[in-house]
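Hi everyone, thanks for making time this morning. I'd like to walk you through one structure, so please have a look at it before I start talking.

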Amino acid sequence: MTIRISRLLLTGLVLLLSVAAPASAEVCAVDDTDREVCLAAPAQRIAALSPGATELVYAAGAGEKVVAVVAYSDYPPEAREVASVGSHTRLDLERLVTLRPDLVIGWVTGNPPEQLERLEALGLPVFYIEPRSFEGVSGAIERLAILADTEAEGERVAGEFRDGMAALAARYAEAAPVRVFYQVWDEPLMTINDDHLIGQVLRLCGGVNVFGALPRLVPRPGEEAVLAADPEAILAGGMGEENRDWLDHWAQYPQLTAVARDNLFFVPPSLIQRPTPRLLEGSRLFCEKLERARERRGALGS
Amino acid sequence: MTALIRPLGALALSALAALVLSVALGSVTLPPDKILAALGGQGEALSRTLILELRLPRSLAAFAVGGLLAVAGALMQVLLRNPLADPYVLGLSGGASVGALMAMLAGLGSVLVSGSAFVGALVSTLLVFGLAHGRGGWTPARLLLTGVVVAAGWGAVITLMLAVSPADRLPGMLYWLMGDLSYAGTPWPPLVLLAIVCLLAVPLGRNLNVLARGAMQAAALGVSVRRLEWGLYLAASALTAMAVTTAGSIGFVGLVVPHMLRLLLGNDQRLILPACALAGGTLLLLADTLARIMIAPEQLPVGVITALLGVPTFLYLLYRSQ
């Protein structure tokens with residue numbers, strides 16, 4: 001009798017385990033520092049420590065699992081409702097730990113390494129991301145989706161982004177080159193070189209970055225250098241999403257080709273300066289602006 | 001002896017109160033029973049992590065750094081016989097900052113950043129030490145001038161490094177320069193150093209008292225002035241180097257706390273040095289607690305708060321003094 005009961009129990013246990021096993025399956029993914037991060041079970045509570053990471057986690061279909069974000073995590077709008085754990089350069093570790101995340105998405109160069117090391121010492125898995133290419137964006141979405149067990153949505157979004165960028169690349173592969181200055185900031189004047197993600201977008205659209213060959217990722221050229229380079233178009237972000245002040249500043253130099261042909265274009269910075277799926281929309285805008293610059297060549301007969 | 005014990009006792013009590021406050025307050029509110037349980041190693045894992053892994057080490061580090069800076073400031077003021085002297089006046093924090101920023105530019109981890117800050121502080125100390133010797137005689141004025149010029153040199157190097165560094169590393173570098181306890185690791189090395197200095201202060205205090213009145217008088221009274229001055233310089237440098245390595249260059253504490261205590265307690269180094277350790281530690285501990293909770297979850301740089309707390313207090317004491 002006892003044997004039968006224990007056998008029953010055993011069968012029951014085995015059944016239970018076999019049911020439970022897939023739910024607690026280990027998930028693994030390699031992060032942007034080439035470390036493999038493994039979770040005993042897919043993440044249920046995610047802390048995203050940069051505005052870009054927040055967007056990518058939402059894009060991967062795991063938005064509902066985000067329990068902590070940092071300041072300026074303003075997209076998608078739902079992210080504004082999530083608890084903040086300080087700014088990305090100075091995290092409130094107490095609040096972060098209290099939210100009991102089971103996965104922390106860190107920013108390789110943006111978060112203080114001391115604080116992320118502390119989190120790892122406390123036993124929280126940290127997955128570092130920092131996409132530096134278009135493929136890096138879609139890859140990050142897919143890898144986040146694996147960790148959050150939302151692969152279907154992640155693959156869909158990543159695929160859309162990949163296809164959209166590929167379509168742009170195909171469309172503008174033969175386009176006539178346009179010499180462009182992209183302004184990241186005005187005082188000091190900042191631009192990007194060819195290695196920067198924005199530089200890659202410029203190239204995709206058939207643009208030639210006048211400062212593309214400079215060694216630093218975010219060079220600070222002088223105003224003279226811009227005048228000497230005489231770009232055919234100037235693209236700028238700006239403080240806020242609609243501020244054209246930076247472009248108006250260039251209008252005082254009518255001898256600039258970009259000014260003479262009115263090729264001063266505003267692109268909302270949030271669409272182009274974050275490595276997220278919105279970059280596709282930003283890239284489309286970039287390409288349209290450059291196309292307009294090409295059209296104006298013919299109109300002016302030069 | 002009671003003249004020593006009473007003020008020190010009062011300062012020790014206020015330090016203890018500040019410590020309790022800083023462990024009890026945080027951006028996350030914990031009920032007292034949970035805090036007590038966590039301190040005893042009991043209770044739920046989360047509150048244990050919050051108290052034992054995050055708050056307590058940071059509080060102890062804040063206390064130790066504040067104490068070290070105040071004692072170093074007091075020693076520098078005796079050494080240079082100049083009321084404007086602070087731990088950084090001889091260029092030590094500049095050297096440490098250059099070391100730390102170089103490590104950050106190279107993308108090294110936090111341990112190496114601290115190590116390189118320490119090396120930078122040592123290099124600066126030895127540089128000033130060597131140059132101030134010069135060819136002729138040695139005077140505090142010469143040491144001060146050498147140190148101030150070396151500090152200006154470091155300042156230029158720091159500005160240059162900030163100007164050419166990649167934009168993504170700038171925030172980290174600026175925060176390091178402002179001084180911040182959220183990067184502090186284990187609090188034990190600065191605490192142990194602080195304790196050692198306080199123990200040494202009592203037997204050496206008499207000689208320091210004599211020195212504070214002037215080198216000639218001290219020599220006439222049989223104090224080996226030169227050896228004492230170099231000892232002071234090296235001790236103050238070691239304290240500052242440890243403080244800067246732990247928490248970056250936090251300003252103000254080292255300049256004002258010794259003056260505040262002199263206004264309150266008189267200028268007996270046997271009393272002032274341990275009092276500086278306690279009061280400096282208390283000030284930084286309170287400031288760091290406020291920095292953590294004032295606009296939580298955002299965190300303020302602690303140097304802002306030390307100045308905001310210290311400036312009115314100091315001005316009031318100065319105004320009231322005769």
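Let me begin with a question: in what order do the four strands of the open sheet with β4 of chain A stand? Before I answer, please keep in mind that this is a predicted model.

The order is β4-β3-β7-β8 in chain A, and the strands pair in parallel. At the edges you find β4(A) and β8(A), residues 126–129 for the latter. Each of these two has a single partner strand, so one side of each is left without a neighbour in the sheet. If you like angles, neighbouring strands here are turned by 35° against each other on average, with direction ignored.

β3 of chain A, residues 46–48, pairs with β7(A) over three bridges, in the parallel sense. To find the spot on your screen, look for Ala47(A), which stands opposite Val104(A) in β7(A). Packed on this sheet is helix α2 of chain A, residues 51–59. The helix touches β3, β4, β7 and β8 of chain A, and its direction makes about 140° with that of β3(A).

Ala236(A) stands opposite Phe266(A) of β12(A).

As a reminder, most residues other than glycine have a negative phi, and most peptide bonds are trans.

So which peptide bond is cis? One joins Tyr75(A) and Pro76(A), with omega at about -10°. Pro76(A) sits in the loop between β4(A), residues 66–68, and β5(A).

On to phi. Arg100(A) is not a glycine, yet its phi is positive, about 50°. You will find Arg100(A) in the loop between α3(A) and β7(A), the latter covering residues 103–107. Is Arg100(A) buried, exposed or partly exposed? There are 14 other C-beta atoms within 10 Å, so Arg100(A) counts as partly exposed.

Asp262(A) also has a positive phi, near 60°. Its place is the loop between α10(A), residues 257–260, and β12(A), residues 264–266. With 13 other C-beta atoms within 10 Å, Asp262(A) is partly exposed.

Last topic: the contact between the chains. Chain A brings 25 residues to it and chain B brings 23 residues. On the chain A side, the elements giving two or more residues are β5 (86–87), α3 (93–98) and α4 (113–121). Which of them gives the most? That is α3(A), with five residues. By class, the chain A side has nine nonpolar, eight polar and eight charged residues.

That's my tour, and I'm happy to go back to any part of it.

Notes:
Residues numbered from 1 in each chain as written. Chains lettered and ligands numbered in written order. Predicted model: local features only at pLDDT ≥ 70, side-chain atom pairs only at ≥ 80, totals over all residues. Contact = placed C-beta atoms within 7 Å. Nonpolar A, V, L, I, M, F, W, Y, C, P; charged D, E, K, R; others polar. Buried ≥ 20, exposed ≤ 12 C-beta atoms within 10 Å, placed from the backbone. Pairing = 2+ DSSP bridges. Axes fitted to C-alpha atoms, helices over the stretch in contact; angles between N-to-C directions.
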